[in-house]
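I opened a new notebook page for this structure. My plan is to go from the whole chain down to single residues.

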Amino acid sequence: MSENLSTPAKVLFAFTFAVQLIGGLYLAWQLEPSLPYSYLLYVAHVSILWWWLKEDSKKTGDTWPMDLGYFIYLAWLALIPYHLFRTRGFRGFIGIFGYVGSIIAGWLAAVLIVQIYLWLSF
């Protein structure tokens, strides 16, 4: 399966996992993320989504408006599932489940790290 994933898709899943892990740790210790981290998070997320969509569109032959970055920023939550279903049909669920799975895996990793930390603290 890993051979079928493009590099942007792998980066997107890894980035999503890392962001959820870091967010879970911030939440566990009741800390507020810094402002530069929050801005960098949004810029990186939109950039990675843009990269993935551009590479994926080359394979499928789709074209997008010139200002794809701002379009992704505004409507990525609807745009990505639309693109996946339009180009892959029901196989688009695999990509959506992979994305959601990376979110859940990041949360679970954060919970595991916090639990190990608490266990070692006693």
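I began with terms: helices (H or I, at least four residues) and strands (E, at least two) are DSSP runs, numbered from the N terminus. On that basis I found four helices and zero strands in the chain. Read along the sequence, the pattern is α-α-α-α.

I noted the ground rules next. This is a predicted model, where local features need pLDDT of at least 70 and side-chain atom pairs count only at pLDDT 80 or more, while totals for chains, interfaces and linings use all residues. Residues are numbered from 1 along each chain as its sequence is written, and side-chain values use heavy atoms, with hydrogens and water left out.

**Whole chain**

I looked up the extent. The C-alpha trace spans about 55 × 35 × 20 Å along its principal axes.

I then checked burial. Buried means under 20% relative accessible area, exposed over 50%, and partly exposed in between (1.4 Å probe, protein chains only). Of the 122 residues in the chain, 27% are buried.

The accessible surface is about 8,500 Å², and carbon and sulfur atoms hold 71% of that surface. These areas come from the Shrake-Rupley method with a 1.4 Å probe; for residues, only the protein chains shown count as cover.

For contacts I used heavy atoms within 4.5 Å. Among contacts with a separation of 6 or more, 63% join residues 24 or more positions apart.

Charges came next. Lys and Arg count as positive and Asp and Glu as negative, with His and the chain ends not counted. Each charge is placed at NZ of Lys, CZ of Arg, CG of Asp or CD of Glu. The chain has 7 positive and 6 negative charges, and their mean positions are 8 Å apart.

**The largest pocket**

I needed the pocket rule first. On a 1 Å grid over the protein atoms alone, a pocket is an open set of points with protein on both sides within 12 Å along at least five of seven lines, for a 1.4 Å probe; lining residues have an atom within 4 Å of a point. Grid points are joined across faces, edges and corners, and a volume is the space filled by probe spheres set on the points.

How much space lies in the largest pocket? I read about 710 Å³. Its lining has 24 residues, and Phe 13, Leu 84, Arg 88, Ile 94 and Gly 95 lie nearest the centre. Each of α1 (7-28), α2 (35-60), α3 (68-88) and α4 (92-121) supplies at least two lining residues.

I found His 83 in helix α3. Is His 83 buried or exposed? His 83 counts as buried because its relative accessibility is 0%. Leaving out residues up to four places away in sequence, His 83 touches Trp 52, Leu 53, Asp 56, Ser 57, Thr 60, Asp 62, Trp 64 and Arg 88.

I followed one of these, Asp 56, to helix α2. Asp 56 has 3% relative accessibility, so it counts as buried. Asp 56 and His 83 are 27 residues apart in sequence, with 9.5 Å from C-alpha to C-alpha.

Trp 64 sits in the loop between α2 and α3. Beyond four places in sequence, its contacts include Phe 71, Leu 79 and His 83.

**Two more residues**

I stopped at Gln 30, in the loop between α1 and α2. Its phi is near 50°, a positive value in a residue other than glycine. Most residues other than glycine have a negative phi. Gln 30 counts as exposed because its relative accessibility is 74%.

Last, I checked Gly 98 in helix α4. At 27% relative accessibility, Gly 98 counts as partly exposed. Gly 98 and Phe 13 are 85 residues apart in sequence, and their C-alpha atoms are 7.5 Å apart.
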